[in-house]
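Thanks for asking me to look this over.

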Amino acid sequence: MKKTYDAIVIGAGPSGIACATELAGKGLDVAVVDEQAGPGGQIYRNITGSSAAQQKILGTDYTDGLELVNAFSSSAVDYFPQSRVWQAAENGAVYFSRNGVSQQLRAPNLVLCTGAMERPVPFPGWTLPGVMTCGGMSNLYKDSGLVPSQSLVIAGSGPFVWLVSEHLLALDVPIAAILDTAPLKQVFPALKQVSGAVKRLDFMMKGVRLIGEVYLAARKKRVPIYRNVTELQAQGAEKLERVSARAGKKQLVFDVDTLLVSEGIIPNTALFRQVGCSHRWDPVQRYWHPEVRGEGQTSLSSVYIAGDGGFVHGAKSAEYKGRITALHIAKEMRRLSTVEYDEQLTPVRKQLDRELFPRPFIDALYAPRRDLFALDDETVVCRCEGVSAGRVRELVRQGLTDHNEIKAIIRCGMGPCQGRMCSAAVLELISEVSGMNPANTRQHRLRPPIKPVSLQELANAQLGEEDES
Amino acid sequence: MHNWGKKMKADVLIVGGGIMGCATGIELARKGRSVIIFEKDIPGRHASGNNSGGVRAQGRDLREIPFAVESRKMWDQHVKTVGSDCGFYVSPRLRLAESDAEMEVLVKRQKTLNDLGYDHEVVVDRDEVFRMSPHVAQHVVGGLACYSDGLANPMLTSKAYAATAEREGVKIFSGTRVIDARATSSGFRVRTGSGKDYEGELLVNSTGAWAGRFSEMLGDPLPVFATAPTMMVTDRVPGIMNGTSLGLTGRLLGLMAAQNGSIVVGGGYRSPLDLEKEKIWVDPMEMAKAAKIMVEIVPRLRDAQMIRCWTAFEGSIKDKVPIAGASTKVSGLFHVCGFSAHGFQLAPIMGRVMSQVILGKQPELPLEDFRPDRFEKTQ
């Protein structure tokens with residue numbers, strides 16, 4: 001089996017496949033390693049296998065991906081689907097498991113297109129079976145066309161809440177209520193960013209139209225929508241039985257067995273943290289993101305980022321970022337002259353800029369609200385190890401302000417997910433108790449493997465035979 | 001109480017705030033000495049807080065055994081001495097023999113220890129092996145058990161030692177790198193990264209992986225080099241280890257049975273490192289080697305998951321025993337370093353013995369075998 005390439009792209013979402021297709025088009029030897037069964041990432045998940053009915057519900061935001069996926073499929077890329085990357089290294093090595101065997105590939109250029117994930121936010125009862133994310137629901141539908149037949153509640157803030165509501169309303173799923181947790185007052189700080197947004201009125205109108213349509217459809221089906229919702233709780237003994245919340249003075253209770261939540265989208269930085277890229281704290285969206293320069297360069301010369309893994313800007317932007325990074329690598333590998341590079345870069349750069357105009361407004365409008373992590377002491381923060389918010393606060397009061405050390409003592413973030421679910425909350429707790437700006441804390445480190453590997457898989461490793469010459 | 005404000009002076013300056021430096025500082029402070037510890041990061045950042053947590057007397061070099069035996073007693077006293085149990089619990093350590101030839105090695109080992117008057121390692125037959133660890137592979141023929149060995153939480157231990165040192169009046173400067181250290185007419189002068197100078201009568205080198213470089217600065221270069229032992233931990237597989245930790249006789253592997261049901265894997269696998277940049281790269285090939293042996297020794301671990309690997313900088317020496325005691329070249333300088341990735345268990349006793357030497361007393365255990373100039377003599 002071939003082991004070395006000019007570039008390895010990790011992730012087959014819009015940025016990964018756009019990047020790989022472009023690289024292959026320039027004559028570079030490219031491998032794409034991805035966890036899913038087919039190309040498309042989360043946004044275009046199962047796009048080549050989905051039915052006409054699914055595509056109709058999911059709309060053009062989904063079907064727009066077909067062209068991209070088809071171009072990728074007919075390119076000369078070596079594609080490794082169903083391959084779980086568990087470690088990457090600065091020297092260009094990528095380790096992954098496929099069909100029960102660990103393997104290694106190498107390239108002088110790694111493009112990490114790890115995409116985004118939903119912001120994990122603990123709240124009372126969030127670990128109960130029956131509580132799932134809007135993204136999880138969306139994936140289930142894209143994969144299988146399945147939706148719940150029992151009544152459910154949708155709660156959270158951000159465009160994803162409205163998008164999933166629109167789909168579920170169209171599919172006649174019985175919805176007990178839609179709970180919008182975005183504080184209305186966040187409109188005001190967001191208005192500071194409105195100058196960029198008005199350059200893309202079409203984009204803004206699309207958002208307004210989406211929310212308007214959800215309101216109309218909800219009214220028609222008598223689904224109540226509550227704004228400014230707080231105190232969300234999932235209740236039940238073994239599984240979800242009830243959702244309670246507050247809307248103004250009104251106490252809400254719904255007897256449902258499914259709750260869909262979403263509190264926004266953040267970059268999936270696990271691999272960047274493991275490989276050792278420098279990160280920055282974004283004070284508006286309150287997440288760490290890898291430092292990235294104009295063409296996707298990171299603090300490590302062999303590692304590039306394209307797509308939402310660097311900063312969340314959406315699928316279209318991801319695609320353009322993937323192209324730009326590919327052009328840059330092709331230039332560096334002398335497959336493009338500077339003139340050709342400039343010629344080809346300019347139009348893509350323009351497209352990307354157009355996509356980015358409204359983002360500061362959207363980011364400010366849907367910034368995590370102030371009390372998002374105002375957790376009760378009893379709320380479980382680390383679900384792998386069952387560590388409560390109170391226990392974390394206790395250690396911060398003792399003077400520990402480094403998640404890595406807190407973890408080594410009370411195990412929060414030490415389980416199989418390695419803090420993917422708890423590190424945002426632990427950081428907010430550290431900041432809350434110590435008064436430290438998160439930007440000044442030591443970022444939670446991620447050790448290899450970033451995803452569990454079975455010992456048998458590891459024992460079966462084909463890592464040894466290196467063909468370096 | 002010491003007035004630290006402008007004085008910038010102490011009886012003893014300790015460089016390195018790991019568990020060795022803190023253990024030594026605690027004992028000195030308890031004898032009334034003023035102590036400053038300089039720590040370039042924070043206590044517990046490196047090997048002290050990130051080792052595999054083995055509190056092991058088994059399998060030690062003969063020269064270390066008196067120290068390990070005495071230290072083991074001190075691990076039971078931590079609630080009293082440092083205000084925390086350090087997460088310590090007993091997990092008997094069983095060294096397996098995979099062949100009759102290996103069994104002979106173990107029998108010899110026990111005899112050697114018995115002749116020296118120690119009885120902490122006991123040869124056990126196959127039945128006892130399977131009683132202690134029911135899921136080991138059928139080819140195992142016997143073992144050597146150390147029933148009193150255990151495991152502890154390294155970060156908790158490091159923090160408990162640092163907090164105790166501070167309670168006893170030791171001043172710990174975290175985030176303070178020593179960039180220069182030299183002997184003066186009245187003792188030592190240490191300069192920190194921010195350009196401040198500190199003076200002390202005596203100086204202790206407990207700089208772990210950085211001991212080679214630091215000792216050179218003082219004109220007493222030690223043959224300590226940095227290594228990065230690599231460990232991994234599995235998901236929870238309760239019931240498989242039966243609380244017994246395992247080692248091997250002929251191959252590299254250490255399996256520690258953590259209380260929550262996961263297994264910490266160590267045993268001498270190493271990763272490439274860059275001490276200057278303070279970077280370590282976990283080498284998956286090494287982990288694959290460990291995994292291969294693991295599934296051979298405990299076949300039921302086949303389905304266990306490796307969920308995390310980690311490493312830390314350790315100071316190592318070629319004969320794998322530490323350097324501890326007074327410098328043979330610079331008067332007033334003391335070393336306690338080079339524990340070669342097995343210093344964690346020894347820290348309590350080392351702090352006590354070092355404080356005795358530093359105060360000019362006869363140490364309760366002789367440090368002769370750990371002399372810094374032992375390699376020069378043999379040349």
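1. Before anything else, please keep in mind that this is a predicted model. With that said, let me begin with the overall picture of chain A. Chain A holds 17 helices and 23 strands. Its C-alpha trace spans about 70 × 50 × 45 Å along the principal axes.

2. How does the radius of gyration of chain A sit against that of a compact globule? For 469 residues the globule value would be near 23 Å, and chain A has 22 Å, so the two agree. Of the 469 residues in chain A, 50% count as buried.

3. Next, have a look at one sheet of chain A. Five strands make up an open sheet, in the order S3-S2-S1-S7-S20, with parallel pairing. At the edges are strand S3 (78-80) and strand S20 (303-305) of chain A, each of which pairs on one side only. From one strand to the next, the twist averages 20°.

4. Packed on this sheet is helix H1 (residues 14-25) of chain A, which touches S1, strand S2 (30-33) and S7 of chain A. The direction of H1 makes about 165° with that of S2(A).

5. Strand S1 (residues 7-10) and strand S7 (residues 109-112) of chain A run parallel and are joined by 4 bridges. Val9(A) stands opposite Val111(A) in S7(A).

6. Now to the contact between the chains. Chain A contributes 22 residues and chain B contributes 26 residues. On the side of chain A, helix H15 (403-410), strand S23 (453-454) and helix H17 (455-459) each supply at least two residues. The largest share, 4 residues, comes from H17(A). By class, this side of chain A has 14 nonpolar, 6 polar and 2 charged residues.

7. Strand pairing also crosses from one chain to the other. S23(A) is joined by 2 bridges to strand S20 (residues 305-311) of chain B, and the two run antiparallel. Here Val453(A) stands opposite Met306(B) in S20(B).

8. Gly169(B) lies in the loop between helix H7 (154-167) and strand S9 (171-173) of chain B. Although 133 residues separate Gly169(B) from Ile36(B) in sequence, their C-alpha atoms are 9.2 Å apart in space.

Note on methods:
Residues numbered from 1 in each chain as written. Chains lettered and ligands numbered in written order. Predicted model: local features only at pLDDT ≥ 70, side-chain atom pairs only at ≥ 80, totals over all residues. Pairing = 2+ DSSP bridges. Axes fitted to C-alpha atoms, helices over the stretch in contact; angles between N-to-C directions. Contact = placed C-beta atoms within 7 Å. Nonpolar A, V, L, I, M, F, W, Y, C, P; charged D, E, K, R; others polar. Rg over C-alpha atoms; globule rule 2.2 N^0.38 Å. Buried ≥ 20, exposed ≤ 12 C-beta atoms within 10 Å, placed from the backbone.
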